[in-house]
Amino acid sequence: MFDLTGQVAVITGGGGALATAMGAALVRAGARIAVLDLRAESAERQAAALMAMGGEAIAMATDVLDEASLRAARATVLARWGRIDILLNAAGGNMPRASTHGKSPFTLPVDALDEVMRLNFNGTVIPTMVFGEHMAEQKKGCIVNISSMSVSRMLSGIPGYSAAKAAMENYTKWLAVDVARRFGEGLRVNAVSPGFFVGAQNRALLLKEDGSPTERGATILGQTPMGRFGRHDELGGIVVFLCSDAASFITGVVIPVDGGFSVASGI
């Protein structure tokens with residue numbers, strides 16, 4: 001039920017730490033991977049790592065906000081493998097200028113807000129339109145978006161990122177309903193909402209140089225019933241599940257992978 005042998009997965013933001021772990025899980029399930037990243041070297045490094053695991057992978061420098069760039073990538077994937085079965089929208093993240101840590105929320109630069117909204121919302125919608133178009137033609141495919149705990153719980157300092165991910169969750173649910181009605185049950189759209197996983201973008205916020213938690217990190221751990229940060233490989237299982245026949249009757253859901261953070265009251 002969890003076998004993805006022969007299927008082709010496109011991963012945007014594929015050079016990131018979480019995308020790397022999810023791509024590895026898809027390879028272990030048998031999928032072939034197209035790694036898309038804004039930075040060619042990041043995409044190539046990840047594709048090489050997947051091939052070292054025994055998988056099939058190609059790398060492309062691609063801008064998720066540039067439709068022409070994405071269409072060129074789609075053409076390359078189809079020329080190579082003739083199909084696209086899975087789209088994992090993993091491109092995104094916050095930006096320092098869009099943060100309000102230590103600042104008044106009324107001084108947030110509008111252009112920074114626009115930038116973070118475009119990356120996290122448009123950067124999911126545009127790839128979905130490009131690669132989903134092919135899935136609609138074959139009436140089969142699985143789209144998995146990456147959300148955030150900041151949608152269900154108010155997290156200080158990241159208003160633009162939180163709003164963009166909330167919009168993305170709404171789009172996930174809307175699209176799931178629309179494509180099922182238009183193209184049938186074979187085309188599904190879901191999202192995963194990671195809890196706190198330490199990566200390049202948030203390491204300084206969560207951990208001190210000696211590896212102990214910062215004040216913010218300690219607060220998060222205190223609100224996480226399992227009492228630890230997530231391991232990157234713990235996201236792979238849910239992505240494989242959502243893309244497999246085991247989830248054939250699941251669409252329009254957002255699944256938290258968070259050690260219980262989203263359901264804890266703090267009491």
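Student: Let's start with Arg182: buried or exposed, and what is its relative accessible area?

Tutor: Arg182 is exposed, with a relative accessible area of 58%. The cut-off here is over 50% for exposed and under 20% for buried, with partly exposed in between. Keep in mind that this is a predicted model. With those cut-offs, Asp178 comes out as partly exposed because its relative accessible area is 22%.

Student: Which residue does Asp178 form a salt bridge with?

Tutor: For a salt bridge, look for a side-chain nitrogen of Lys or Arg within 4 Å of a carboxyl oxygen of Asp or Glu. Asp178 pairs with Arg182 in this way, and their closest N and O atoms are 2.6 Å apart. Both sit in helix H5, 4 residues apart, so about one helical turn separates them.

Student: How many salt bridges are there in the whole structure, and which parts does the Asp111 and Arg97 pair tie together?

Tutor: The search finds 10. One of them joins the side chains of Asp111 and Arg97, at 3.2 Å from N to O. Asp111 belongs to helix H4 and Arg97 to the loop between E4 and H4, so this bridge links parts 14 residues apart in sequence. Both ends are partly exposed: Asp111 has 45% relative accessibility, and Arg97 has 44%.

Student: And what about Arg231 and Glu234?

Tutor: Their side chains meet in a salt bridge too, at 2.9 Å from N to O. Arg231 is partly exposed at 46%, and Glu234 is partly exposed at 27%. Elsewhere, salt bridges with shared partners join Glu67, Arg71, Arg74 and Glu133 into one network.

Student: Arg74 is listed among the buried residues of H3. How do I read the burial pattern of that helix, and where do its buried residues fall?

Tutor: List the buried positions, then look down the axis. In H3 they are Ser69, Leu70, Ala73, Arg74, Val77 and Trp81. Seen that way, they fall within an arc of 140°, so they line one face of the helix. The face turned away from them carries the exposed residues Ala68 and Ala79. On the buried side, H3 packs against strands E1 (8–12), E2 (32–37) and E3 (57–61), as well as helix H4 (110–138).

Student: Why is H8 described as largely enclosed?

Tutor: Count its buried residues against its length. In H8 (residues 236–243), 6 of the 8 residues are buried, so the rest of the structure largely encloses this helix. The six are Gly236, Ile238, Val239, Val240, Leu242 and Cys243. Those buried residues pack against helix H1 (17–28) and strands E4 (86–89), E5 (141–146), E6 (187–194) and E7 (254–257).

Student: One last spot. Which side chain does Thr172 make a polar contact with?

Tutor: Asn145, at 2.9 Å between the side chains. Thr172 lies in helix H5 (residues 159–183), and its relative accessibility of 0% means that Thr172 counts as buried. Leaving aside neighbours within four places in sequence, Thr172 is in contact with Asn145, Val189, Asn190 and Ala191.

Key
Residues are numbered from 1 along each chain as its sequence is written. This is a predicted model: local features need pLDDT of at least 70, side-chain atom pairs count only at pLDDT 80 or more; totals for chains, interfaces and linings use all residues. Side-chain values use heavy atoms; hydrogens and water are left out. Buried means under 20% relative accessible area, exposed over 50%, partly exposed in between (1.4 Å probe, protein chains only). Helices (H or I, at least four residues) and strands (E, at least two) are DSSP runs, numbered from the N terminus. Contact means heavy atoms within 4.5 Å. A polar contact is a pair of N or O atoms within 3.5 Å; within protein, one must be able to donate a hydrogen and the other to accept it, and residues adjacent in sequence count only if both atoms are side-chain atoms. The arc is that of the directions from the helix axis to the C-beta atoms.
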